[in-house]
Each structure stands twice: as C-alpha cells, then as structure tokens.
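Please look at the chains and the places where they meet before reading on. The points below go through those places in turn.

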Amino acid sequence: VTAWISFTTDYGLADGFVAACHGVIARLAPSVRVIDVSHAVPPGDIARGSAVLADTVGSLPEAVHLAVVDPGVGTSRRAVAVQARRGVLVGPDNGLLIAAIDALGGAQRLVELTNAAWFAPTVSPTFHGRDIFAPVAARLALGADLAEAGTPLDPDALVRLPAPVCLIAAGLIEAEVHSVDQFGNVQLAAPGAALAQLGERLTIGRLAAPGQQAAQGQLAAPGQEVSTGQSAIRGATFGDAQPGLLVTYVDSAGKVAIAVRGGRANVALGVSPGDLLRLTSQS
Amino acid sequence: VTAWISFTTDYGLADGFVAACHGVIARLAPSVRVIDVSHAVPPGDIARGSAVLADTVGSLPEAVHLAVVDPGVGTSRRAVAVQARRGVLVGPDNGLLIAAIDALGGAQRLVELTNAAWFAPTVSPTFHGRDIFAPVAARLALGADLAEAGTPLDPDALVRLPAPVCLIAAGLIEAEVHSVDQFGNVQLAAPGAALAQLGERLTIGRLAAPGQQAAQGQLAAPGQEVSTGQSAIRGATFGDAQPGLLVTYVDSAGKVAIAVRGGRANVALGVSPGDLLRLTSQS
Amino acid sequence: VTAWISFTTDYGLADGFVAACHGVIARLAPSVRVIDVSHAVPPGDIARGSAVLADTVGSLPEAVHLAVVDPGVGTSRRAVAVQARRGVLVGPDNGLLIAAIDALGGAQRLVELTNAAWFAPTVSPTFHGRDIFAPVAARLALGADLAEAGTPLDPDALVRLPAPVCLIAAGLIEAEVHSVDQFGNVQLAAPGAALAQLGERLTIGRLAAPGQQAAQGQLAAPGQEVSTGQSAIRGATFGDAQPGLLVTYVDSAGKVAIAVRGGRANVALGVSPGDLLRLTSQS
C-alpha cells in the first residue's frame with residue numbers, strides 16, 4: 001500500500017524551502033510519495049491556503065495532509081496534528097486546517113505537537129515546516145500512532161477563521177468572493193445549491209465592503225451597492241454564455257462561481273478575494 | 001516496468017487543479033508515476049500548449065500523455081484518446097494533441113471518450129481534466145484497452161490547428177515566431193535544416209503581420225516590413241556571438257531560433273509568438 | 001535503497017526543459033526519484049543558484065545533485081562531476097557547485113565529463129542539461145563509477161565565485177545581501193554566530209555599493225552610507241518584534257537575516273541581492 005502526503009504552503013517555488021521539506025520526508029520515509037497541492041498561496045494568506053486545501057482534498061488519496069501557512073511561526077500559536085474521519089492533517093493551529101477537516105468528515109482527535117523526539121535535532125524558530133511539521137507528517141504517514149505526537153486536546157479547541165459572508169434569501173445571494181482562479185473565474189463563498197433558486201437571468205452587483213449588516217446576518221442596504229449591476233445568465237459551463245458575457249454556474253468545488261466566456265470575470269466585475277457580490281434574479 | 005503519465009495544462013500551480021488530477025491518478029493507479037511537462041501554458045493558448053508538448057515528448061519515456069488546454073470545456077468539442085506509434089495521448093480534440101502525435105510517429109487509432117464508466121461518478125461541466133481526462137489516462141496507463149474508452153473514429157477526423165507561417169526560399173526564411181522561452185530566445189516555426197542555406201551573416205527584420213501573402217505561399221511584399229533589419233550571425237550556440245549581438249542557430253527542438261548572448265532576443269527584436277520574421281542572407 | 005537526484009536550474013517551469021530532463025532520467029534510471037530544488041533561479045544567475053542549492057542540500061537525502069545554471073553552455077567552460085564527502089554533484093564548472101560542495105564536506109574527486117558514451121547520441125549545443133548533465137546524473141545515481149564519466153582533475157581546479165563581502169568587527173557587521181526569499185526576508189552573507197556579539201538593539205544602514213574597501217578587508221568609510229540607519233531588535237523569530245518593525249535573527253540556513261513582522265524587509269530596507277548592509281550595535 002502506497003502512503004501519501006499532500007503538501008500545501010506559501011513558500012513559493014523559487015527558494016529551496018519546499019525541497020527541504022521534501023528532503024526531510026525522503027530521508028525519514030523514502031517509500032512515502034508526496035503530492036504538491038499548491039506552494040503559491042500568497043505569503044501569510046491563511047484563508048486562501050485553507051480554501052485551496054479544502055477544495056482539493058476530496059480528489060486526493062487517503063493521506064497525511066501537511067499544510068504550512070504560518071505567519072506566526074515561532075510564536076505561541078500551537079503546532080497540531082488532527083485525525084479526521086478520512087485522513088490526517090498536520091500544521092499550525094491558526095485556522096488553516098479547519099475547512100479541510102470539515103471536508104474530510106470532521107475532527108476525531110487533536111494532538112498538540114509536543115514530542116520533540118519527532119522533530120529535527122535542532123529546530124529553527126523560523127522554519128517549523130522543515131523541522132517540526134514535515135518530520136511529524138513523515139512519521140504519521142509511516143503509520144506512527146497520533147497519540148505519540150504529543151498532548152491530546154479537545155478537537156473543539158481548534159482555532160477557526162471567521163466564516164466568510166454568505167446570505168441567501170428568495171431570489172438573492174450576497175456572498176464574499178472566496179477565490180479567483182488561474183482563469184479569472186470568481187468563486188463565491190456560497191454553496192452551489194443556492195443558485196437553483198435564482199432565475200435564468202441575474203443581475204450581479206458589487207457592494208461597498210464586506211458589509212457589517214451582512215456579517216450580522218442582515219442584508220446590505222441598497223445604498224451600499226457600488227457598481228451598477230451587470231447582467232448574467234445561469235448556465236452549466238462557460239460555453240453556455242455568448243463570448244464576453246457573464247455566466248454563473250456551480251464550479252468544480254461545488255460553489256457558486258462567475259465566469260466570462262473567453263475573458264476574465266474578476267476583471268469584468270472588478271473584484272478580488274474578500275469583496276462582496278450580490279446576485280439577484282431579474283424579474 | 002514503470003508506467004508513466006506526462007501531464008500538460010494551462011491550470012497554473014496556484015490553484016489545486018493540478019493536484020486534484022494527480023490525486024485522481026494516485027487513487028486509480030498508485031503505481032503510475034507522473035512527469036509534469038508544464039502547467040504554465042497561458043490560459044486557453046492551445047498553440048502554445050501544443051508546442052510545449054510536441055517539443056518535449058521525444059525526451060520522455062513511453063507514456064500516456066495527458067494534456068488539457070481546453071477553453072471549450074463543457075461544450076461540444078470531443079474528448080479523445082489517441083494511440084500514436086510511440087505512446088498514447090488523452091485530451092480535448094481541439095488541435096492541442098496533433099503536433100505531439102506527429103512527433104510520436106502519427107495516429108494509429110482514435111477513440112472518442114464516451115465510456116462514462118471510466119469517468120468520475122459525477123462530472124463537473126467545468127473540470128473535465130479531473131473528472132474525465134485524468135481517470136481515462138490512469139486506466140490506459142494501467143494497461144486498459146483503448147477500445148474500451150469509447151467510440152472509434154477515423155484518425156483523420158482529429159481537429160488540426162492552422163499551420164504556422166513558414167516560407168523558405170533561396171537565401172530567405174519567413175516564419176512565424178513559434179515560442180519565446182524562459183531566456184528570451186525566439187523559436188521560429190521553421191525547421192533547423194533551413195538555416196544551412198543562409199550565409200554566415202544574416203539580416204533579421206520584422207514583418208507587419210502574419211501576412212496574407214505568406215499564408216498563401218507567397219513572399220511578403222517588401223513594403224510590409226516594419227522594423228529596420230538587424231544584423232545577425234549564424235552560429236551553433238549563444239556563445240558564438242559577441243555579447244549583445246544576435247545569433248541564429250538550430251535549437252534543442254530542432255527549429256531555427258534567435259538568441260542574444262547575455263540578453264533577451266525577444267526584447268532585441270521586439271517580437272512575441274505569432275509575429276512574423278524574415279531572415280535574409282547578407283550579400 | 002532508493003536512489004535520489006536533486007535538480008536545480010534556471011529553466012523555469014513554463015517551457016518543457018525541466019520535464020525533458022526528468023524524462024531522460026526516467027528513461028535511463030526509472031527507479032531513481034527526483035527532488036526539484038528550484039527551477040526559478042533568475043536566468044544565468046549563478047550566485048543565486050549556488051545559494052539556493054547550498055542552503056538546501058543539508059536537508060536532502062544522500063543524492064546526486066544535478067544543477068544547471070549555465071550561461072556559457074556550448075562554450076569552453078567545463079562540464080564536471082564532483083564526489084563530495086556526502087554526495088555527488090553534476091553541472092557546469094562555473095562556480096555554481098562550490099558552495100554546495102563545501103556544505104557537503106568538500107570535494108574528494110573531480111572529473112571532467114568527457115565520456116561521450118554517457119551523453120545523448122546527439123548533443124544540442126544549447127541544451128547540455130538534457131543531453132549531457134541529466135544522463136550523467138542518472139548513470140551516477142544508478143551506481144556507475146565516477147571515474148568512468150571522464151578525465152580526472154585536481155579538485156582545487158574547480159572555478160570559484162568571488163566570495164561575497166562580509167566583514168565582522170566589534171559591534172559591527174558589514175555584509176552583502178545574499179538572497180531575498182518569498183517573504184521578503186533579507187539574508188546576509190554573514191554567519192549567524194556573528195549576531196551574538198551585537199547588542200539587543202541595532203541600527204541597520206545601507207551602503208553605497210559593494211564597497212572596494214570592504215572587498216579589500218577594510219571597513220567602508222562612513223561617508224559611503226546612503227540610507228539613514230533604521231532601528232532593529234535582535235530576536236529569535238519574526239514574532240519577537242512589534243508588527244512593522246525590523247528584527248535580525250539567525251535564519252534556517254544559519255545566516256544573519258532581517259525580517260519585518262507582517263511586512264517585507266527587502267522593501268523596508270530598499271535592498272536587493274548584492275547590496276551592502278551595515279549592522280551596528282546601538283550604544
């Protein structure tokens with residue numbers, strides 16, 4: 001049976017940081033194979049790292065998911081390993097792992113990484129990926145018991161990121177832009193099922209800010225809208241719209257998304273991750 | 001015997017799309033190993049994806065070549081698998097695979113991917129790489145029969161890209177810029193053999209457009225030339241020219257190319273892929 | 001026992017150059033596994049390639065380290081293989097390998113690659129990575145004898161890069177910026193141990209140029225300083241400073257480095273690799 005580690009960081013591929021972690025895994029667990037999820041998470045962007053990992057784990061084999069987006073490296077944030085229903089996760093306890101844990105069926109056990117015998121002999125205060133997380137992941141991938149990694153904690157103690165804004169009402173979705181992919185497609189923090197209740201023709205407008213009202217479970221005030229709404233159709237894929245026109249669809253991660261056939265929807269809408277969009281049925 | 005899959009896309013490495021496909025292959029065919037050719041094909045640039053794959057396949061082991069640059073995903077374009085003389089190719093039938101098929105000795109069998117039992121249980125209309133192409137490639141790499149992948153078609157039915165402009169006459173080459181590499185070296189859509197008939201000293205000029213005359217097999221009119229010609233020498237490698245001067249040579253893919261020693265030829269010539277250059281012998 | 005090759009180049013990941021080399025290795029030595037160190041070394045930047053490899057080899061398993069940053073490809077620079085105390089290195093003899101050789105315990109044997117039977121049948125003058133270095137690395141990883149690769153030379157004959165500027169005196173470090181990583185952290189060409197003799201509070205100033213005095217082992221003249229010095233603290237990690245303030249620390253490669261908590265130190269200091277910084281104790 002092949003054992004797998006998936007690997008997600010904000011290290012980039014220019015420096016040797018990713019390779020150093022691969023090397024540590026290769027030395028401790030040469031039979032284990034590594035699938036790189038992404039190393040192009042923007043530096044310190046925990047929310048983006050969380051989203052990339054959560055959107056991808058469902059396609060991966062059962063694995064130890066090693067993820068390091070860790071702006072607080074060397075400070076008091078905990079280092080943890082989590083047994084989820086389908087797989088194990090290793091990384092900093094800063095919210096990075098939660099969405100993937102949920103996608104893998106929820107946390108069953110949580111351990112703070114306190115067993116220094118599993119770490120590198122000398123731990124750099126600025127490179128826990130190489131000296132703590134990678135060696136722990138390698139040992140767990142080889143079948144070591146999670147309980148040996150450190151101190152058990154209540155899984156409910158895991159740090160969670162604030163939930164992204166997402167309001168669904170009759171004929172309306174207000175949701176934060178969750179991510180923008182390589183093609184400029186705009187993914188919202190809204191489940192794909194919400195799209196069915198909107199009609200075939202929609203209006204998409206940009207709101208002033210991740211509005212306080214919305215964050216508090218209230219709809220944004222109309223005056224909050226900045227951009228003039230643009231028309232869009234609901235489709236199954238990009239090709240369902242005429243070239244240059246907006247189309248909303250359920251994307252490959254099961255979320256509401258917006259594309260422009262032959263163009264970049266993020267440019268057409270003028271949005272980045274964190275911005276707030278409102279989709280309304282055209283009457 | 002190790003089975004190999006090569007993998008070429010325009011997915012980029014920031015999102016988890018490439019990893020999701022690696023994951024699907026790992027689940028279905030854990031013994032198969034994957035060589036990533038490039039995932040930095042510009043979004044939707046079929047011609048560039050085609051060139052990268054065709055220039056590389058000759059160096060790869062016998063493999064299933066999985067390639068997905070697929071702006072028409074979810075529309076009526078066919079999904080296909082091709083048995084070439086040396087290897088198998090899987091991807092959209094939009095011209096992406098043809099140059100690599102030619103480099104691998106030509107198409108012997110063509111199948112439209114219609115056997116849904118080989119796909120993911122649910123196929124996302126926007127991510128056929130993960131849900132159709134990767135699982136089919138994994139099964140073929142494990143030795144499944146191409147005939148089981150779907151409906152046989154005449155190999156001549158494969159979609160072809162328009163041939164790039166390339167005219168060769170006594171003392172003259174007019175050809176489209178095929179690609180510009182990491183170093184700014186300019187590769188033309190002209191076979192390296194064409195270079196021998198030019199002299200040791202050349203003039204290189206840029207033409208106004210991928211000229212209609214040239215496309216029709218006629219030489220461009222002199223008035224079509226935009227840039228003043230620049231002098232170049234014919235050499236074997238960059239180092240054969242003085243620093244800063246242009247040198248033409250046969251590149252590692254066997255095509256005519258232009259470099260500047262210690263500089264970037266694409267900047268010196270002011271060209272991008274698709275532009276038209278004329279090389280003439282200096283009398 | 002798994003055999004490993006590490007692989008460092010300036011090829012980038014957009015073209016198929018890296019994949020072609022992976023392919024050559026896969027064909028000659030399918031059991032060998034490759035760890036990519038970096039392929040994002042800036043084109044022709046031997047010093048940067050040297051630093052990335054040297055900073056990473058300590059984390060890798062025993063391996064053949066294949067490294068190609070080779071602006072002189074096809075000219076008279078030698079192609080070499082080196083037996084170091086812990087590992088083998090293959091690449092151009094242009095200074096690229098020296099720092100890694102030192103990190104691996106020093107050169108024990110040096111061979112110029114003259115055995116053409118180990119090369120590709122046809123060697124492209126512009127792609128020795130694919131046609132010379134990769135096949136040699138594959139054969140050595142499989143256990144072939146270094147002596148069969150070519151002509152033995154005195155290891156002292158290896159080309160060395162000029163040593164980077166680094167002066168350490170009481171309460172003072174003057175050193176060249178060695179690299180800037182993904183996070184904007186600034187690594188100096190100074191050993192971490194030098195930091196202990198500076199106080200808890202430092203001033204960091206930028207000097208006009210990699211000063212001639214410093215290169216000759218003399219301190220830079222005060223008038224040479226360009227920037228007004230900025231205050232910094234000495235810490236163990238980024239989190240030891242207040243957000244936005246400079247912190248100096250010993251980085252994960254054991255060198256003196258400068259960071260800004262939640263920011264980019266290269267921007268705060270206005271420096272790039274090769275620039276000269278002066279760190280002084282605050283009295």
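1. B:Arg48 and C:Asp15 form a salt bridge, with their closest N and O atoms 2.5 Å apart. The term covers a side-chain nitrogen of Lys or Arg within 4 Å of a carboxyl oxygen of Asp or Glu. By that rule there is one salt bridge across the interface of chain C and chain B. The model is predicted: local features need pLDDT of at least 70, side-chain atom pairs count only at pLDDT 80 or more, and totals for chains, interfaces and linings use all residues. Residues are numbered from 1 along each chain as its sequence is written, chains are lettered from A and ligands numbered from 1 in the order in which they are written, and side-chain values use heavy atoms, leaving out hydrogens and water.

2. Polar contacts come next. Across the interface of chain C and chain B, 13 residue pairs are in polar contact, both residues at pLDDT 80 or more. Such a contact is a pair of N or O atoms within 3.5 Å; within protein, one must be able to donate a hydrogen and the other to accept it, and residues adjacent in sequence count only if both atoms are side-chain atoms. Helix H1 (residues 17–28) of chain C gives the largest share of the side of chain C that touches chain B, eight residues. Helices (H or I, at least four residues) and strands (E, at least two) are DSSP runs, numbered from the N terminus.

3. How many residues does each chain bring to the contact? Chain C brings 29 residues and chain B brings 28 residues, where contact means heavy atoms within 4.5 Å. Between chain C and chain B about 2,100 Å² is buried, 58% of it from carbon and sulfur atoms. Buried area is the accessible area (1.4 Å probe) that two parts lose on being put together, summed over both.

4. Now for chain B and chain A. Here 29 residues of chain B are in contact with 28 residues of chain A, and the buried area is about 2,100 Å². A:Arg48 and B:Asp15 meet through their side chains in a salt bridge of 2.5 Å, N to O. Eight residues, the largest share of the side of chain B that touches chain A, come from helix H1 (residues 17–28) of chain B.

5. What rotation superposes chain B on chain A? A rotation of 120° with 0.0 Å of shift along its axis does so, with an RMSD of 0.0 Å. That is the relation of a three-fold axis. The superposition is by least squares on the C-alpha atoms of residues with pLDDT of at least 70 in both copies. Only 7% of the interface residues of chain C are also interface residues in chain B, so the copies meet through different surfaces.

6. Rings of Phe, Tyr and Trp (its six-membered ring) pair if their centres lie within 6.5 Å; planes under 30 degrees apart count as stacked, over 60 as edge-to-face and the rest as tilted. The ring centres of A:Phe17 and A:Phe127 are 5.4 Å apart and their planes are at 70°, so this pair is edge-to-face.
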